[in-house]
Amino acid sequence: QQARVMYDFAAEPGNNELTVNEGEIITITNPDVGGGWLEGRNSKGERGLVPTDYVEILPSDGKDPFSCGNSVADQAFLDSLSASTAQANSSAANSNSQVGSGNDPWSAWSSSKSGNWDSTGDWGAKPEGAAAQRNTSNNWDAAFGHPQAYQGPATAGDDDDWDEDWDDPKAAAPYFKDSESAEAGAAQRGNSRAGSSSMKLPLNKFPGFAKPGMEQYLLAKQLAKPKEKIPIIVGDYGPMWVYPTSTFDCVVADPRKGSKMYGLKSYIEYQLTPTNTNRSVNHRYKHFDWLYERLLVKFGSAIPIPSLPDKQVTGRFEEEFIKMRMERLQAWMTRMCRHPVVSESEVFQQFLNFRDEKEWKTGKRKAEKDELVGVMIFSTMEPEAPDLELPEIEQKCDAVGKFTKAMDDGVKELLTVGQEHWKRCTGPLPKEYQKIGKALQSLATVFSSSGYQGETDLNAAITEAGKTYEEIAGLVAEQPKKDLHFLMECNHEYKGFLGCFPDIIGAHKAAIEKVKESDKLVATSKITPQDKQNMVKRVGTMSYALQAEMNHFHSNRIYDYNSVIRLYLEQQVQFYETVSQ
């Protein structure tokens, strides 16, 4: 049987893999080696393993119907999504001359500078995934992928498949390599999964995540009384989530290398220890990926769930990469533990507290069957507060939109400037200091050849000054790791958060529009005045949730930036003191 290769795949030496290129036709010699791999033979007769996701099986009549192996319904859904994505992309590109606005979740509405968001008709189409284009001028983006670019298995598959793991063949830059290779890596990652879906998630798999969920929530005569309840109370700063009496963190540690399939495939396993139980569980990267996907599907309409750090950077299991990824997984887990709704949710608790394989798989299946996802999450929320009127709801929504958009711009600017500064500090700047040092030492050497008696002290001092400049070169090159690194990481994390807001605000805008249309429906007796009142009440619940989330966001932001900028300035002061000494 033959298959067409859909994405380039570069074999890792010594791993029995086969390098294939997009468009190539290969013969399948073993359709299921296990763990998401098949064995194939190329036209030159070379054999090896290829990821199953990377190829599409051709029908036995040999015709190549350019399809992604999805069912007809899935395909229609993805087509409609990609059409709206492409449309949003072109309109964003036409109206927005900024470089690379394609990968910016805000570009759909940054075209209308007045802060009026209604310029985009279709909020479902986030114009960022269609071709996974990357902004060349921003390597930080290229290196880390887009905050909402989901980079994991599109479907969980059966449990055997689930236990397998493989690393992405192409890689992005660990910090700042040349942008082209980083871009190729990012595009490879972006394209190699869920086709054209703008959020890199097969949305059709999740009830309530697609558009119809909104009417279901707003117009249901009686919302089922869910077992879960998420209370919202009014505190000193307005609506807020209820915080648990005791908080906990989760320590991510001890990355160990494991292997499967008789040593053919290897993976990294992390140890997670919640501080409240002190009982460790082990998880592989793809399990984090699964948790991210579940949290995004369940809470993504109400709470920003930033995506995980990238799955893979150059070469498998490079020490530096594993360390960096662990640092970022740690930051991500800490964020989730800090959130009063996410940290108390069943899926998150189960991820940290399962006792054996069986319990993990049962919990996993249960989470995947959860119906309270997408906008239906709002049906679990109970604000202990008076009902809101529509104008106030709209005003609150616009205010959040304005602030998060402006902060997104500010964060990206700091990332760009920081990245340029990093390059200067680790490249040209130390070289300048070295040149000064060498020139001074050369001058001292020339002076000492004069044979004149009284200048030994001067020449020694000039030589010493030259050596000091060479030492300063080293200090300059090392400094970013001590201060800029943390500032960049904090901003990168917030860029991830802010990239989620267009979706959240999109859901709110859509709900507000529905309420505005409801007058016509009442006039034509399609719905009763009582139905309309219910709609306003439910949109009010959404508004309270947004306000509670923003209170959480702001208090974290103030704490985080206070800490990180203080650290940055203290380290800078120390640096200049060292230089002056």
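**Close-up views of a predicted model**

**View 1. Strand 1 and its partners.** Strand 1 and strand 5 (residues 55-57) run antiparallel and are joined by 3 bridges, where strands are DSSP runs of E with at least two residues, helices are runs of H or I with at least four, both numbered from the N terminus, and two strands pair if DSSP finds at least two bridges between them. In this pairing Arg 4 stands opposite Glu 56 of strand 5. Strand 1 (residues 2-5) is also joined by 3 bridges to strand 2 (residues 25-34), again antiparallel, with Ala 3 opposite Ile 26. This is a predicted model, in which local features need pLDDT of at least 70 and side-chain atom pairs count only at pLDDT 80 or more, while totals for chains, interfaces and linings use all residues. Residues are numbered from 1 along each chain as its sequence is written, and side-chain values use heavy atoms, with hydrogens and water left out.

**View 2. The largest cavity.** About 140 Å³ of space lies in the largest cavity, a cavity being a set of points on a 1 Å grid over the protein atoms alone where a 1.4 Å probe fits but cannot get out, with lining residues having an atom within 4 Å of a point. Its lining has 14 residues, and Arg 335, His 339, Phe 497, Glu 549 and His 552 lie nearest the centre. Helix 8 (319-338), helix 15 (484-498) and helix 17 (529-580) each give two or more residues to this lining, the largest share, 4 residues, coming from helix 17.

**View 3. The cavity between two domains.** Because domain 2 (241-385) and domain 3 (388-432 + 463-580) both give residues to the lining, the largest cavity lies between them, the domain bounds coming from an automatic or database assignment.

Technical notes
On a 1 Å grid over the protein atoms alone, a cavity is a set of points where a 1.4 Å probe fits but cannot get out, and a pocket is an open set with protein on both sides within 12 Å along at least five of seven lines; lining residues have an atom within 4 Å of a point. Grid points are joined across faces, edges and corners, and a volume is the space filled by probe spheres set on the points.
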